[in-house]
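Here's a quick briefing on the charged side-chain pairs in this one. Have the structure open as you read.

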Amino acid sequence: MSFPLLTVTAVVPAAGAVVTAAVPAARRTAAKWTALAFALATLVLAAVVTARFSPGGARYQLTESHAWITAFGVRYELGVDGIAVVLVLLTAVLVPFVMLAGWHDADPLETSDRRWRPTQGFFALILLVEAMVVIAFESTDVFLFYVFFEAMLIPMYFLIGGFGDQAGAHGEDEQARQRSYAAVKFLLYNLVGGLVMLAAVIGLYAVTAHQLGAGTFSLPQILHDRANGTLTLSTTAERWIFLGFFFAFAVKAPLWPLHTWLPNAMGESTAPVAVLITAVVDKVGTFAMLRYCLQLFPAASKWATPVILVLAVIGIIYGALLAVGQRDIKRLIAYASISHFGFIILGIFAMTSQGQSGATLYMVNHGVSTAALLLVAGFLISRRGSRRIADFGGVQKVAPLLAGTFLVGGLATLSLPGLGPFVSEFLVLVGTFTRYPALGVIATLGIVLAALYVLVLYQRTMTGPVKAGIEGMKDLKVRELVVVAPLIALLLFLGVYPKPVTDVINPAVKDTLSDVHRTDPPPKVTVPAVAAAKENAK
Amino acid sequence: MSATAAAVHSLWTTRALADTAATPAIPTPHIEYAQLSPVLIVFGAAVLGVLIEAFAPRAARYAGQLAVSVVGLAAAFAALVALAADGYAQGRSHVAAMGAVAVDGPALFLQGTIVLIALVATFTFAERRLDPVAHGNRVDSFAAQGSAVPGGEQEQKAVRAGFTTTEVFPLLLFAVAGMMIFPAADDLLTLFVSLEVFSLPLYLLCALARRRRLMSQEASVKYFLLGAFSSAILLFGIALLYGYAGTVSYGGIADVVDGTAKLTPALANTTGNDALLLIGGAMVVMGLLFKVAAVPFHMWTPDVYQGAPTPVTGFMAAAVKVAAFGALLRLLYVVLPGMRWDWRPVMWGVAIVTMVVGAIIAVTQTDVKRLLAYSSIAHAGFLLTGVIAVSPSGVSSVLFYLVAYSFVTLGGFAVVTLVRDAGGEATHLSKWAGLGRRSPLLAAVFAVFLLSFAGIPLTAGFSGKFAVFKAAAQGGAVPLVVVGVISSAIAAFFYIRVIVMMFFQEPQPQGPTVAIPSPLTSTAIALGVAVTLVLGVAPQYFLDLAGKAGVFVR
Amino acid sequence: MNAYAPILVLGGLGAGFAIFSVVMASLTGPKRYNRAKLDAYECGIEPTPQPAGGGRFPIKYYLTAMLFIVFDIEIVFLYPWAVTFDALGLFGLVEMLLFVLTVFVAYAYVWRRGGLEWD
Amino acid sequence: MNPANYLYLSALLFTIGAAGVLIRRNAIIVFMCVELMLNACNLAFVTFSRLHGNLDGQIIAFFTMVVAAAEVVVGLAIIVTFFRSRHSASVDDADLMKL
Amino acid sequence: MISLAVDDLSYFGRDPWWLVVVKAVFCFAFAMLTVLFSIVWERKVVAWMQLRIGPNRHGPWGMLQSLADGIKLMLKEDVVVKGADKFVYVLAPVVAAIPAFMSFAVVPFGPADNEISVFGHRTPMQLTDLPVGVLYILATASVGIYGIVLAGWSSGSTYPLLGGLRSTAQMISYEIAMGISFAAVFLYSHSMSTSQIVATQQHTWYVLLLPVSFLVYMVAMVGETNRAPFDLPEAEGELVGGFNTEYSSIKFAMFMLAEYVNMVTVSAVATTLFLGGWRAPWPISTFWAGANHGWWPLLWFTVKIQLLLFVFIWLRGTLPRMRYDQFMKLGWKVLIPVSMVWLMLVASVRALRNENYDFQRVLLYVGGGVLAVLLISLAADVFRDRAAKKAEGAGQAGQEGPGDRFDPMAGGFPVPPKPGQTLPPVPRRRSRAPEAAEHQLVGKDGDDA
C-alpha cells in the first residue's frame with residue numbers, strides 16, 4: 001500500500017485542531033504558533049500532492065480506498081482530479097493567511113474587545129474546517145463527501161457565532177443578537193440544504209442497491225456502471241435526486257435566491273472567518289456541482305441547465321446591484337461574492353470547456369482576490385472599529401500602504417486585466433457566449449457594475465478629506481503585510497501566467513464534459529471579438 | 001364405589017394412587033432456564049434488593065443496593081453475551097418457555113441494550129454529589145420518604161434523619177426485567193404481563209423526585225392514568241385477536257392470518273370476521289404506540305418527562321423506547337406481516353404526524369426536559385419510518401438507531417442533572433444561557449448530544465437516521481424519507497437554539513451552577529459521548545451486529 | 001346452565017325475604033318524629049356535620065386493602081395449582097415454591113417496613 | 001346462549017369505561033373506569049375461550065386479574081399520595097405543567 | 001370410582017323446577033331455623049356459663065325467645081338518620097342478608113347420588129353443585145362484606161364509618177389465611193366442588209390429614225363472622241355498635257340475622273371441608289353401614305354444625321375481646337405465614353410421595369428442611385435477644401431512678417402508681433419491628449386520606 005498522502009493531508013490539520021485545543025488556556029501565543037505550524041505543514045503536504053499529481057495521467061490519482069461502513073455500502077475513498085488538486089492547494093494556501101490575519105482576533109488581551117473568546121478554540125476550529133474542506137475535496141465517495149460537507153457546518157457555526165465581529169453599528173447586545181442570528185441562519189440554511197441532499201443520497205443508495213444488488217456510493221464505480229449500462233437511472237429518479245443534490249450545493253455556493261445567509265454571515269463574522277466562508281467553504285458547493293451534479297446526473301443537469309443559468313445570471317446582476325447600494329464594507333464584499341458565484345455557476349453550467357475551466361480557475365482566483373480584499377478590509381475595520389463606509393474617508397493619506405493594498409484587492413475583484421480574476425472571468429464569458437450569447441451579454445453587465453461598486457467603495461473610503469476617527473490610523477504592520485503581500489503577488493502571477501493552473505484543470509474538465517456527453521459547440525463568434533467587446537465594456 | 005381400590009390413607013403421607021389414575025398427568029412444561037437466565041438474573045437481583053430493603057440496616061442499604069444492581073446487571077449482560085456467542089442470536093434462535101419468550105437475535109440485541117442502559121441509569125440513580133448535603137447526609141435525586149406529604153412535618157423529619165428511597169434500585173431492576181421480556185415476548189399474554197411489569201415500577205419511580213415533589217406526583221398520576229388506559233386498550237386488542245385466531249401465540253396468530261392454520265369450525269367462524277382482526281390489531285398497536293410516544297398517543301410524554309426525577313426520565317426515555325420498539329417490531333413483523341397492506345398506510349400516517357408534530361411543538365418549548373421529551377417524540381417518528389420498511393434492513397436499522405438514541409438520551413439527561421440552582425435542577429432554558437462560558441466542557445458535551453439528536457454527520461444520530469431512512473427508502477417509502485428530512489430540519493432548529501443559548505448568549509447574573517458529579521454520573525456522560533462518536537465515525541461493527549441480529553424467530 | 005339455576009332460586013328466596021321484611025317494617029312500625037333522634041349518634045354530644053374529619057379515615061385501612069389485594073391474588077394461582085397438583089408432578093411443586101418464595105419476599109418487606117403494624 | 005351477546009356486553013362495558021376515562025375528572029373514578037375496561041376484556045376473553053373451546057382465554061383472565069390488582073395497588077398508592085398533598089383528586093387540578 | 005362418578009357432577013342440574021323450589025325452601029328454612037335455635041341456644045349457654053338462667057319466658061324453656069325478638073323488632077320504629085344516604089342505607093341490610101343465604105346452595109346435606117326420593121323423584125341431597133363450589137362460597141361471603149361497609153358509610157356518622165372500615169379490614173385480613181387453608185384441601189380432593197370434597201373424605205377426614213389447615217380455618221372463620229373474641233367492629237366500648245349503630249328495627253335485625261346465618265354457613269363449610277361433611281362419625285360408620293345412606297346424613301351434618309356453633313358460643317362465653325392491633329397481628333403475622341408454610345409442606349410431601357420416594361426419605365427431606373429453618377430462626381432469636389439485652393442494660397443503667405421504685409403489690413393489693421412513679425413495663429416479647437422509624441410505609445402525619 002502506498003503512502004496515504006491524501007489522508008495525511010486531511011489528518012494533519014485535524015490533528016492540529018486537537019493539539020491546539022489541548023494547549024493550556026494561558027498559553028495563547030503557543031497555541032497560535034502551533035496552529036500556524038500545522039497549517040503550514042498542511043500547505044507543504046498540499047504542495048506535495050500537487051507535485052505528485054500528473055495532469056495527463058489517470059483521472060483520479062493518489063487514490064485510496066478502504067471499507068468503512070459496509071452496511072451502507074460506504075467506502076473511504078479518496079482521489080483527486082485536476083479540479084480537486086487546485087482547490088486543495090487553494091485551501092491550504094489561504095488558511096495560514098487567515099490565521100495570520102486573525103492572529104489577535106480571538107485574544108481578549110490583545111484587543112479592546114473583552115468578550116470571552118478562547119484563542120485555542122478559534123484556531124482549532126479553523127484547522128478543523130480546513131481538514132473537513134480538504135477531505136470533502138478529496139473524497140470520491142458520495143457519502144464520505146456528504147458527511148464532511150455537513151459536518152463542516154458545525155465548526156463554521158461556532159466561528160461565526162462565537163468569534164464574530166465587534167465592529168457593528170449598534171450596541172453590544174444588538175451585536176450579539178445579530179451575530180447569533182447570522183450563525184443560526186447560516187446553519188439552518190445549510191442544514192436544510194444538507195438534509196435535502198441526505199434524502200437524495202438515500203435515494204441514490206436505494207437506486208444503486210436495487211440495481212446492483214449492493215448499494216454503493218463510490219463515484220468511480222457508479223460512473224463505471226453507468227458507462228457499461230449496469231446502472232440506469234430513470235429520468236424521474238435522476239431528476240429528483242439531482243435536484244436534491246443541487247439544492248444543497250446551491251445553498252452552499254450560494255446561488256440566488258438561496259443566498260440570503262451569506263451577507264449576514266459575512267457581515268457578522270470577522271474578516272478572516274469571512275474569508276474562510278466565502279473563499280474556502282463555499283467553494284465546496286461549486287466544486288460539488290462540477291463533480292457530482294454533472295457527473296452523476298448528466299441528463300438531469302442538461303434538463304435543469306436553462307433554469308440554473310438564468311438564476312446564475314440573476315445572481316450576478318442582483319449581487320452586483322445590491323453591492324452598489326451597500327453601506328457596510330463587508331456586506332458589500334459579500335454581495336460582490338454572490339455576483340462572482342453567479343459567474344462560477346454560469347461557467348459550470350454553460351457546458352463548454354472554456355466555461356468550465358474558467359469556472360474552476362475562477363474559484364481559485366475568487367478565493368485569492370476576495371481573501372486579499374477582505375483581509376485588508378478587516379484590518380481597516382478593526383482600526384476604525386466600524387464597518388460603515390460613511391465612517392471612513394481619506395485613508396490613503398494616513399495609511400497609504402493600506403489603501404494601496406485595498407485598491408489592488410478591489411481591482412482584482414472587478415477583474416482588471418493583469419490580475420487573476422480577469423482570465424477566469426474572460427474564459428467563463430467566452431464559454432457562455434459560444435452557447436448562450438444572450439446570457440453572456442447580460443452577465444457582462446455584472447462587470448460594469450463591479451467596476452462601479454469597487455471604485456465607489458475606494459473613493460468613499462480612501463480618498464477625500466480625512467474623516468474624524470481616521471486621523472491617527474496606523475498603516476499596515478509587518479504581520480499584516482506578510483498576509484497581504486503574498487496574496488497580491490499570487491493575484492499578479494495568476495493574472496499573467498495562469499497556464500500551470502489551467503494545465504492541471506483542463507484534463508479534468510474535459511473528462512467532466514465527456515461525462516455530460518457534451519462537446520463544445522462550433523464557435524459562432526471569434527474569440528478576439530469577444531475580447532474586444534469586453535475591453536470596450538471596461 | 002369400590003372402596004378397596006382406593007389406597008388406604010395413612011394420615012397425610014398418602015400417595016394418591018386412585019386419584020392420579022383418574023386425572024391424566026399434564027405434560028410437564030419445559031422451561032429453558034439457561035436461555036432465560038438474563039431475565040432471571042435481573043429478577044433475582046431485584047428480589048435480593050427487596051430483601052436488602054427489608055433486612056439490611058439503613059446505613060448499609062445504599063451500598064448494598066448499588067452493588068446488587070450493578071453486579072446483577074453485569075451478570076445479566078454476561079449471560080446475554082454468552083447466549084449470543086452460543087449462536088442463539090442466529091442459528092439456534094428459537095422460542096423458549098413453552099412459546100412464551102423468543103430467544104433470537106432481536107431479542108438478545110434489545111435485551112443487551114436495555115441492560116446496558118439500565119447499568120448506566122443505575123449510575124445516575126446512585127449519584128449523590130449533586131444535591132447539597134442535607135443535615136450531614138449526602139442525598140440523591142429521590143424523595144426522602146415517598147409517602148410523606150410534601151412540605152409536611154413527616155417529610156422534614158425524614159430529611160433530617162437522612163432517609164433516602166433506596167427502593168428505587170429494586171424498582172429499576174423490576175422495570176428492567178419487564179423491559180427485557182417485552183421485546184422478546186412471543187405471545188400476547190406475555191406481552192401484556194411484561195408491559196405491566198415494567199410500567200408499574202416506572203409509575204412509582206416518576207413520583208419519587210426529591211425536589212418539586214408536587215410536580216413529580218402529578219407526573220406520576222398522569223402517567224399512571226394514561227398508562228393504565230392504554231394498557232386496557234392493548235388488552236382489549238389482545239382479546240379481539242384471541243377471538244379471531246383462537247390463540248395468543250405470535251406464530252399461531254400469524255398462521256391464522258396467513259390462512260395456513262388448520263381450520264376448526266369455531267375458527268372458521270371467527271376468521272370470517274375481519275373486524276376482529278383489524279380492530280384487535282389496531283388496538284394492540286395503539287397500546288404499543290402509546291409506549292413509544294407516537295403522536296396521537298404522546299400526550300403524556302412532556303409532562304411525565306418534565307415531572308419525573310431526571311435520572312428516571314433518562315432511563316425511561318431510553319429504555320422504554322427500546323423495549324417498546326422491540327415489541328412493536330416483533331408484533332408487526334411476526335404476527336401481522338400478513339396484513340401489512342392494512343397497517344402500513346396507517347403507520348405511514350402515524351410516522352409522518354409523529355415526526356412533524358414532535359419537531360414543531362418542540363420549537364416552542366422553554367424547558368430542557370420538555371424539549372427533550374418532544375425531541376423523543378420526533379425520534380419515535382424517525383424510528384417508525386424504519387419500522388415501516390418491512391425488511392431485514394428495517395429491523396436492523398431500528399435496532400441500531402435505538403442503541404444510538406438511547407445512550408445519547410441517557411447522557412443528555414445526565415447533563416441536565418448537573419445544571420442546578422437553589423431550587424434544584426435549573427431546567428428552564430433561559431437559565432442555560434451562557435453555560436458555554438461558565439463551563440465549556442459541559443456545554444460542549446451537551447452540544448455534542450444535541451448535534452447527535454439533530455443528526456449531524458459524524459455523530460451516532462446521523463448514522464442511525466441514515467440507517468432508518470435508507471431502509472425506508474429501499475422499502476419504497478421515499479415520501480416518508482422526505483418528510484423525515486424536513487422534520488429533521490425543523491428539529492435541528494431547536495437543538496441549535498439551545499446551543500446558541502449556551503454559547504452565544506451572555507450568562508445571567510443569577511444563573512445556575514454546574515455541580516461537580518461523582519464518577520458515577522461522569523461515567524454515564526462519558527459513555528454517552530463515546531457512543532455518540534464511535535457510532536458516528538465507525539458504526540460498522542454495531543451495524544453488523546444489528547444486521548446479524550435482525551431476524552425474528554417464529 | 002341448569003346447575004346454576006337453583007342458586008338463583010335460593011338467592012331470590014333470600015332477597016324476597018329481606019326486602020319483604022324491610023318493607024313490612026316500614027309499614028308496621030310507628031312514626032314519631034323527634035329531631036334529636038334523627039341526628040347521628042355520638043354519645044350525646046353535638047354530632048359533627050360529617051363523619052370523622054370529612055369522611056377521611058386512617059390510611060392504614062388503604063394499606064390493608066392493598067396488601068389484601070396483593071396476597072389474595074396469590075391465592076388465585078394457588079387454587080388451580082392445588083386442584084391439578086398431582087398431575088403437575090415435581091415441576092408444579094418447584095414452580096409454586098418459587099412463586100411463594102417471591103411472594104414471601106414482598107411479605108417480608110412489608111413486615112419489616114412496618115406495613116403490618118397497627119398502633 | 002349466543003356468545004355474540006356476551007361480546008356486545010363486553011364491548012359496551014369497554015366503551016363505558018373508555019368514555020369514563022375521557023370524561024370524568026376525578027382520578028379515582030377515572031381509575032375505576034380503567035378497571036371496568038379491564039373487566040370488559042376479561043369478559044371478552046372468557047367468551048372467546050368458550051367459543052374456541054380452549055382454555056387460553058380463561059388463563060389470560062387470571063393474569064388480567066392479577067395485573068389489575070397490581071395496578072390497583074400501585075395506582076391507589078399514587079392517587080392517595082397525590083390527594084394527600086393537594087386535598088383534591090381532580091385531574092383538572094393537575095396543572096403544574098402546561099403545554 | 002368415586003372421583004369420576006362425582007366429578008362430572010352429572011347428578012346435579014336435573015331436578016324439575018318444583019323440586020328445585022322445594023330444596024331451596026328447605027335450605028332457607030334450615031338456615032333460618034338453625035339461626036332461631038342458635039340465638040336461644042347461645043343465650044342459654046352463655047347464661048349457663050355465667051351461672052344465670054337466661055331466656056325463659058317465651059315458649060317452653062324460653063325456646064321462642066328469638067321469634068319474639070324478631071316480631072318485636074319488626075314493630076319498632078324504622079329510623080333513618082338525617083345524614084344518611086337513604087338508598088344505600090336501606091340497601092345495606094338487604095345486601096348483607098342475601099349472600100348469607102346463598103352460600104347454602106352448594107352445601108351438601110347428604111350423598112350426591114340420588115340417595116333420597118322426594119315425592120317419588122330421586123335426587124341428591126344438595127341443592128346444586130358447581131365445579132368451583134368453594135370459590136362460589138368465598139365469593140358470596142365477600143359480597144356480604146359490601147353490606148357492612150355500605151352500612152357504615154351510608155349512615156353518615158363517625159362510629160358506623162369506623163366500625164364498617166374495621167369490619168372490612170378484619171374480614172379481608174382473615175380471608176387470606178382462610179383461602180390458603182382451603183388450598184390444602186383442594187390438593188387432596190382434586191376438586192373445588194363440595195360434593196367431591198366430601199366424597200374424597202370417605203376414609204379420612206381432612207381434619208386429621210390437615211390439622212393445621214383446620215385450626216387456621218377455625219380461627220379465620222371466627223374472624224370472618226365478627227364473632228367474639230374478634231367482634232371488634234361492634235366493640236361497644238370503643239365504637240358503640242359499630243357499623244350498625246344507626247340501624248334500628250328490622251334493618252338491625254337483618255344484620256343480626258346475616259351474622260348468625262354466616263355463622264351457620266362457615267360451620268357448614270368447616271364441616272364439609274374438614275369434618276367429613278354428612279358422613280357419620282368414626283365409630284358409627286364402622287358398625288352401621290346404613291349410616292351414610294338415606295336421610296341419615298342430614299342428622300350427622302346437623303350435629304356437626306351444632307357442635308361448631310357451640311364452639312362459637314363457648315368462645316364468646318370464655319374469651320375477652322382482643323385488641324385491634326393484636327387481632328390484625330394474629331391475622332397477618334401468624335395465620336398467613338403459618339398456613340402458607342403448612343401448605344408448602346403438605347405439597348412437598350405429597351409431591352415426593354407421588355414421585356415414589358419412600359416415607360423415610362420424604363421425612364428426611366422435609367423434616368430436615370423444617371429443622372434447618374427452625375434452627376436458623378432460633379439462632380437469630382438468640383442473637384437478637386443478646387443484642388436486646390445489651391441495649392436494655394445500657395438503657396437501664398442510665399434511667400434507673402433512686403428510691404422511688406414502684407411496687408405494684410404494695411401491702412398485698414394491686415395499687416396504682418403514685419405521681420412520679422411509673423408503671424414497670426409489661427413483660428412481653430419485644431416487637432420484631434426494630435425501630436419506630438422503620439415504620440415508614442405509613443407516614444405519621446398520614447392519619448387521613
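**Salt bridges at a glance**

Let's start with a pair in chain A: Arg479(A) and Glu480(A) are both buried. Their side chains meet in a salt bridge, with 3.9 Å from N to O. Keep in mind that you're looking at a predicted model. Counting over all chains, it holds 23 salt bridges, and a few of them are picked out below.

**A pair that links two chains**

- Arg113(C) and Glu53(B) form a salt bridge, and their closest N and O atoms sit 2.8 Å apart.
- This pair joins two chains, because Arg113(C) is in the segment after α4 (85-112) of chain C while Glu53(B) belongs to helix α2 (residues 37-55) of chain B.
- Arg113(C) has a relative accessible area of 1%, so it counts as buried.
- Glu53(B) is buried too, with its relative accessibility at 1%.

**A pair within one helix**

- Over in chain B, Lys222(B) and Glu218(B) make a salt bridge through their side chains, at 3.3 Å from N to O.
- Both residues are part of helix α8 (residues 213-245) of chain B, where Lys222(B) and Glu218(B) are four residues apart, or about one turn of the helix.
- Lys222(B) and Glu218(B) are both buried.

Technical notes: Residues are numbered from 1 along each chain as its sequence is written. Chains are lettered from A and ligands numbered from 1 in the order in which they are written. This is a predicted model: local features need pLDDT of at least 70, side-chain atom pairs count only at pLDDT 80 or more; totals for chains, interfaces and linings use all residues. Side-chain values use heavy atoms; hydrogens and water are left out. A salt bridge is a side-chain nitrogen of Lys or Arg within 4 Å of a carboxyl oxygen of Asp or Glu. Buried means under 20% relative accessible area, exposed over 50%, partly exposed in between (1.4 Å probe, protein chains only).
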